[in-house]
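This report describes the chains one at a time, followed by selected helices. Please read it alongside the sequence and coordinates shown here.

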Amino acid sequence: MITDFLNLCGFKPEEIEEELSRVEEAFELLGLTAQDVEHGTERITRFFQTDLKGVRRILGIWVRELIDLVLAKKGRKKILYASIPAVGVDYLTAAMLNSEDVYIAFPDVFFCGTIGVIFDKLAPIIDAGQESYVAPGVGHCSLLQIRAGLYALNRIPKGDVFFSSGTICDEVLKADEMLEYFFGVPVHYVNLCHDKEWEEGTNVERETKFFAEQLKRCEEKVAQVVGFELTDDMMREAREFKRKYSRPMRKVLELVAISDPPPLSATAIPLIRELNTMCISKRGTEAAAEAIDILYHELEHKARQGIGVVPKGSPRVMHGYFSSLSDPTVVHLLEEAGIAVPVTELQLFDGGRFTPVLIEGIQDRHELQASAYLQGAVGNSLVTEIRSIIEACKRLNIDGIFWWIHHACRPMLAQSLMIRDSVTKQLGIPFMVLEGDGYDRQFYSFEALRTNIEAFAEMLRTSHRTRHT
Amino acid sequence: MKSIDRLWQYLANRPAQIRELKDKGAKVVGFFPGDYVPEEIIHASGAVPICLTHGGDPMAVLAAQSTTMRFQCAFSKAQLGEWLLKQQPYYKLVDILVAPITCAHLRKTADLWQYYTGIEVFRLGVPKEYASELGLEYYVGSIRRLKQRIETLTGNKVDDKELSKSIRLYNQMRQSLKEISLMRKSSQPRISTADFLRLNHASFYADPSFMTDMLASIREEIGGRQEEAVDRETPRLLLTGPNIACGDYKVLELVEEAGGTIVAEEVCEGVRYYWENVHSNDDLLTALADRYLKRRAPCAFMNASAEKRFDFIMNLVREFRVDGVLWYQLLYCETYDIESYYFSKRMGELGVPMLKLQSDYQPTELETLRTRIQAFIEVIRRRGRQS
């Protein structure tokens, strides 16, 4: 059973032979039974295009990262954790590349992409989190509940440091403070002060300098924990290493975004994007680079033939502000209803991270990194966000926006409605806002969601017909 | 008391007075509470500072509902709702809103103001690092930007002489509030916390010179009062949480009704506001930053704040001989909610009873609050008898 599962996840026969005992050990620790594996196999087949070798390989990389995480206690000297919104990825990558003793993971995200997406078994972890400092009923972020639950259930090793990123919200910093108090996890905070005026744009000196200092400290902390300095050469090597994946990934996402119909189901997009956002193992990154290259060629072929997950000419929506990282059913319902999802809002902000506008006068390495990060940060400027959405809608012939709000994300609540108001006024396209959850599917009802999506699909078809006749 | 009556009369006329000042060219600077906006800078420029702190009214929350989603706290919704409803005259007098970037809720309310009211918003950066040099430096930069913006708005330069005068005035006002507050250490407090909080709220709207004079008179009058005969068994409580809005007095009233008494309030419109004064310093902006960011009790949205505020509260518990702690927060206030778990664990270890209450400013919650408060007070009474 596990062998079939691993085969479906793109493991090569020799990899299965090599990994099987570790996988079995990890699954046992995770409480994954044969029934779960069967259920996971069925979900993969239902939600993902398993005819695409690239997609299967991507799923396999997630599974391998999970196994490494669960067994990380064995033989590793230093364990460094971080989560999304990710910061300091270059430093973490540099540290990981330069020492066999360093292990890096984004534990809660790894669990979302595997235990959530594949096995649909996050509920007990979330429940355990809710019994601690992130109680139910108050609108706490479910990613933080998962993080707390992982520690409460002793699913992951404690780690030598957890990098807590407050670049979007305050809650993460507060929740991670409790990791220190209740689980003894050493936490390093990375802050940002969201005091930018709307008209100030994306490059504000005080913000860049403040964040540069935060990044510098983050780098120093990584060096302190791993016990060696991160040199400029190491940083260059880390960036080049990450580009092995990020360059072809951008090509894939662009191909999907411009094609009609999109040749790739949007269920795979979060899994593809997050592999780039985070820092994963050296082996994982190399495998991801290979997988994404395979996927590009497979998709190119499909695109040329006009084959996609929905018929050509189907209404096209932008999925904001991000699609669920643990539940593919939401996007799957959209596609089942005949709606193409060629792009998610988060992708619009990848640009800054890859090709930042260089600001004259900035020489300092950390300031350059801070500037690049802030140009690619979602939620950083409402005006920029609205402009980017409108430009992308025009460029990609978007017929409507499906705005799935992670209900606990305080910075995005009011922002969502202002975006809707502004985009609707300027483009006149249907814009549906739904209160959802990015990591916990228990928050929403599947049937209510289906009804909403079917109604939205009808609106889109009417609007699409009107616009194209 | 004569002085308190005079103060309420004055407040009834205060909006009209401000309108007159506006007609004569004065600018009105509204700001959100939390005690991160140094009013001294606004006052020194000749502008009228008003801390917008109304809350508790479900209609104001409802009015703002269509602009945001349910998981934003009721207080932050009310800040836009009050403007939309046009009930509270102060909200309509504002020429510019200074929004300290504290929690995500008020940060987004600042955006909503800018989007829906057309009133200019100035975002005052408050770094989450209250204890570091980097945080302090950033905050000094923030208040320097505020000073420049206010100077442009009013056309008046805020020089050191004027700023020093304003600092002295506000120090005096906070000192008077603190002295009145400390009177509640007595076993028979001469002022109730509901009345004391009303004084705090009044200080956010009144002219500080007038308020300082009033507080001096009130302090004298309270000092001359007979101590109220209080039942020895009356549980003495400390109220803590994010804030108590002007108008949101239900918990205070329910405690009195249930036979308890609140003797201290560790909230932004209470102890956090008047406990610390600005120390003299060569650089006045640094001195302000030292008071407004570094030395004050940190709010829950600050990094690593729980332990420091817990110690601060435990000192109050000892000083005011508190029998139990009431944690009062707004529903969906995520950072305080997380800290409440920490506080209840730590308080439990020290044997201090704590009751956590939440509000969304809805009338339907009243009976639940009443029952829970009554039960809590009964439990404390029994503990007192047993010990």
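## Charge

In this predicted model, chain A carries 52 positive and 68 negative side chains. The centres of these two sets are 3 Å apart. Chain B has 52 positive and 51 negative side chains, with 1 Å between the centres of the two sets.

## Chain A: fold and dimensions

Chain A contains 20 helices and eight strands. Its radius of gyration is 21 Å, close to the 23 Å that the globule rule gives for 469 residues, so chain A is as compact as a globular protein of that length. Taken along the principal axes, the box filled by the C-alpha atoms of chain A is roughly 65 × 60 × 45 Å.

Of the 469 residues in chain A, 65% are buried. Among contacts in chain A with a separation of 6 or more, 80% are between residues 24 or more positions apart. Chain A exposes about 16,800 Å², and 50% of that area is supplied by carbon and sulfur atoms.

## Helix 5 of chain A

Helix 5 of chain A covers residues 89-97 and is mostly covered, with eight of its nine residues buried. The buried residues are A:Val89, A:Tyr91, A:Leu92, A:Thr93, A:Ala94, A:Ala95, A:Met96 and A:Leu97.

## Chain B: fold and dimensions

Chain B is built with 16 helices and eight strands. The globule rule gives 21 Å for 387 residues and the radius of gyration of chain B is 20 Å, close to that value, so chain B is as compact as a globular protein of that length. The C-alpha trace of chain B spans about 65 × 50 × 40 Å along its principal axes.

Buried residues account for 63% of the 387 in chain B. Of the contacts in chain B between residues at least 6 apart in sequence, 76% join residues at least 24 apart. The accessible surface of chain B is about 14,000 Å², with 48% belonging to carbon and sulfur atoms.

## Helix 15 of chain B

Helix 15 of chain B runs over residues 334-350. At 1.5 Å a residue, its 17 residues should span 24 Å, and the end C-alpha atoms are 25 Å apart, which agrees. The residue that follows helix 15 is B:Gly351, which has a positive phi, near 75 degrees.

Which residues of helix 15 of chain B are buried? They are B:Glu334, B:Thr335, B:Tyr336, B:Asp337, B:Ile338, B:Glu339, B:Ser340, B:Tyr342, B:Phe343 and B:Met347.

Methods:
Residues are numbered from 1 along each chain as its sequence is written. Chains are lettered from A and ligands numbered from 1 in the order in which they are written. This is a predicted model: local features need pLDDT of at least 70, side-chain atom pairs count only at pLDDT 80 or more; totals for chains, interfaces and linings use all residues. Side-chain values use heavy atoms; hydrogens and water are left out. Helices (H or I, at least four residues) and strands (E, at least two) are DSSP runs, numbered from the N terminus. The radius of gyration is taken over C-alpha atoms; the globule rule is 2.2 Å times the number of residues to the power 0.38. Buried means under 20% relative accessible area, exposed over 50%, partly exposed in between (1.4 Å probe, protein chains only). Contact means heavy atoms within 4.5 Å. Accessible areas come from the Shrake-Rupley method with a 1.4 Å probe; for residues, only the protein chains shown count as cover. Lys and Arg count as positive and Asp and Glu as negative; His and the chain ends are not counted. The place of a charge is taken as NZ of Lys, CZ of Arg, CG of Asp or CD of Glu. The expected span of a helix is 1.5 Å times one less than its number of residues.
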